[in-house]
Amino acid sequence: MGFFTIGIIQTAVEVGLIYALVTMSLFISFSILDICDLSTDGCYTLGCAVGAVVTMAGHPVLAIFLAMLAGMCSGFVTATLQTRFGVQSILAGIIVNTGLYTVNLAVMGFSSNVSIFGQDTVFAAFRKLSSAGWWTDYSRTILLAGIVGLVCVLLYRFLGTRLGLSIRATGDSMAMVKASSIDPAFTITTGLCLSNALTGLAGCLIGQYNKTSDINLGTGMVTIALASLIIGQTLFGRGGMKLRILGVIVGSVLYRLIMAAALRLNVPTEAFKLVSALIVAIAISAPQVKNMALFSMKKSSALHGSSVRKGDKNA
Amino acid sequence: MLELSHISKTFNPGTINEKKALTGVDLKMEDGDFATIVGSNGAGKSTLFNAIAGTFIADEGRIELDGEDITFEKEHVRSRYIGRLFQDPLMGTAPHMTIEENLSVAYLRAADPGKSFFARIAQDFSRISAKERAKFRERLSLLDMGLEDRMESPVGLLSGGQRQALTLLMATIVTPKILLLDEHTAALDPSAAAKVLKITRDIVKERSITCLMVTHNMNQALELGNRTLMMDGGRIVLDIGGEERRGMSVSDLLSRFAQNAGQSLDNDRILLSTEENV
């Protein structure tokens, strides 16, 4: 444990678990619905802002649900723009993301950050359940693992229901969905509401975790979530749903660990966005690089093999 | 009963690319009618299907199904009672979902639209039941392709013929009021095409489904079903059934077409395929 201390790993896992919720959100919109929802950055900040304000008012648990509701509303607007008004999905996300900046400022009372130091958070409330030493150390991790685990199980169960199957079919074959009496506008709207509710949840949790909300908190979140999603996909493949959901979590935690490693290697914090961009690029190109390597190995062995055979014939 | 009265559709009106795809099409299909449709490229066969299925709303005219006016009904609403197959076997199924999941999505058409809000929510959150699974299995076994033992496999792993057979099963898992087949065997290899055609015949006959089938095979056009329609320039120029059709040969049909359309059929694919014997 020379390189990593327990504390660094613990923080990476905890933040990774929160990020996993954003990755899960992208998993629904990007992988399942096949829609690029770029409102994630703003929606994440929205969840954090709403969560912080409600926590300030002394309702940390209610904050979680209201942040999810706020995320859902944002998803509803994004979905309505593309399903009813024919705005391209990428544009719809960008438009909502831009608008959300002002909304987020307004939620925070037109200040660029809100501090909730000294307020009760869900983490503090959970820690108070026991006074054992290990509990004080790990209650946060346990709570986050519990929340993320619950979300995973619910999502997995949901995707097996009729509505869940319809949402999956919408991203897989639009023609088939229309032929099955399903309104794609409805499934896209439901899917984006669900996905953005998870982003809002993640925003609220990170706000209570850091005890602060900042207007620029969400910048680059899409890239981070995409990186985590791709890392998970590269490691776990595109097989069964259980594996894919597991990949989302492992990918997110792994991403945070890579970032923690970068921090330990004294990469300056200003360079973090570059490092995340690099991770995304590497994770996305990894399968292709693997294919290229396999191809050239096969080619060289085949060429070598045939020349040997030719030699035999001549002999 | 399906009744189209005076359906017209013009694409890109008022531009240099203006195309009158359908001009005043009248068509009446009695219950249990099985009509084949032939016509050259651009005759309006697929446009006619799109109009019936609701892919677009016709510029003019009226569509009635079993006495109900469906002219302005949306595509996904119509699909509750209109089944459709395309030429491309990849279109009708979701490749990353299992056979069972695909069938389950298709089976949503069985849902009662008149249910209360809460009953619908309960239904949305219900899962595939053992009873449905047994039904899917039984239906799949009728295809005789061994798919009933691969219910958990993703559809993307199936061959084109298997996928088209599955699409047919999905389109008819809830008996549609009308089935639209748009050259659904044309992209398959001959043996798969024959097999899918046989399954089509069996299902349509067994449940006496009203059916429209576009084909480019003239023998098929005369042998299958009880009516043959020929289209040209956005019109139905020939509609033969009953006694008259029974004694007809392919060359009779072609000369009747030339007479009615004022020109001979100019589709190479059709002329070449008249020699085939399916």
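Student: At what angle do helix H3 (residues 60-83) of chain A and helix H9 (residues 184-210) of chain A pack, and how far apart are their axes?

Tutor: The model is predicted, so local features need pLDDT of at least 70 and side-chain atom pairs count only at pLDDT 80 or more, while totals for chains, interfaces and linings use all residues. Residues are numbered from 1 along each chain as written, chains are lettered from A and ligands numbered from 1 in written order, and side-chain values use heavy atoms without hydrogens or water.

H3(A) and H9(A) pack at about 145°, and their axes are 6 Å apart. Axes here are lines fitted to C-alpha atoms over the stretch in contact, with angles from 0 to 180 degrees between N-to-C directions. The crossing of H3(A) and H9(A) is right-handed, meaning that the near helix is turned clockwise from the far one by less than a right angle. Where they touch (heavy atoms within 4.5 Å), there are 16 nonpolar, ten polar and no charged residues. Nonpolar covers Ala, Val, Leu, Ile, Met, Phe, Trp, Tyr, Cys and Pro, charged covers Asp, Glu, Lys and Arg, and the others, Gly among them, are polar.

Chain A has twelve helices and two strands, where helices (H or I, at least four residues) and strands (E, at least two) are DSSP runs numbered from the N terminus. Its C-alpha atoms fill a box of roughly 90 × 60 × 35 Å along the principal axes.

Chain A also meets chain B, giving 20 residues to the contact against 26 from chain B. About 2400 Å² is buried between them, 56% of it from carbon and sulfur atoms; buried area is the accessible area (1.4 Å probe) lost on putting two parts together, summed over both.

Three salt bridges cross this interface, each a side-chain nitrogen of Lys or Arg within 4 Å of a carboxyl oxygen of Asp or Glu. One joins Glu75(B) to Lys178(A) at 4.0 Å, N to O. In another, Glu101(B) and Arg168(A) have their closest N and O atoms 3.1 Å apart. Glu101(B) lies in helix H3 of chain B and Arg168(A) in helix H7 (residues 162-172) of chain A, so this pair joins two chains.
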